[in-house]
Amino acid sequence: MSGIPPMGRIRGLVVAARPRQWVKNLLVFAAPGAAGVLDDAASLGKVAVVFAAFCLSSSGTYYWNDLLDVEAATGERRLAAVVPPTEPSRANDIDLGLRSR
């Protein structure tokens, strides 16, 4: 990763998170909106937290999938451009934060 400038890494991680897919998560606002409770700040806050959680979990799933098969990552799966290829078992260790010493 030494050949990738820090801003390039950040941009690569954001792209690999696939923020365009987050639009689908806006559906969590549909039911509360239809029920007419989004004018309440507490309800809106709860729904916003759920939206953020959905976005983080979907991006985490994309990262996990990309780490498991870095060699096959192509097209929109750009984590391979940010994370150097490793053995699959090593990728699992990195993702789980269980770095072997």
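Q: Why is Asn 25 called buried?
A: Buried means under 20% relative accessible area, exposed over 50% and partly exposed in between (1.4 Å probe, protein chains only). Asn 25 has a relative accessible area of 10%, so it counts as buried. Keep in mind that this is a predicted model, where local features need pLDDT of at least 70, side-chain atom pairs count only at pLDDT 80 or more, and totals for chains, interfaces and linings use all residues. Residues are numbered from 1 along each chain as its sequence is written, and side-chain values use heavy atoms, with hydrogens and water left out.

Q: Which residues does Asn 25 touch, not counting those up to four places away in sequence?
A: Phe 51, Phe 54, Cys 55 and Ser 58. Contact here means heavy atoms within 4.5 Å. Asn 25 itself sits in the loop between α1 and α2 (30–35).

Q: What makes Val 14 partly exposed?
A: Its relative accessibility is 46%, so Val 14 falls in the partly exposed class. Val 14 belongs to helix α1 (residues 6–16), helices being DSSP runs of H or I with at least four residues, and strands runs of E with at least two, numbered from the N terminus.

Q: How many helices and strands does the protein have?
A: Five helices and zero strands, and along the sequence the pattern reads α-α-α-α-α.

Q: How much of the protein is buried?
A: Buried residues are 20% of the 101 residues.
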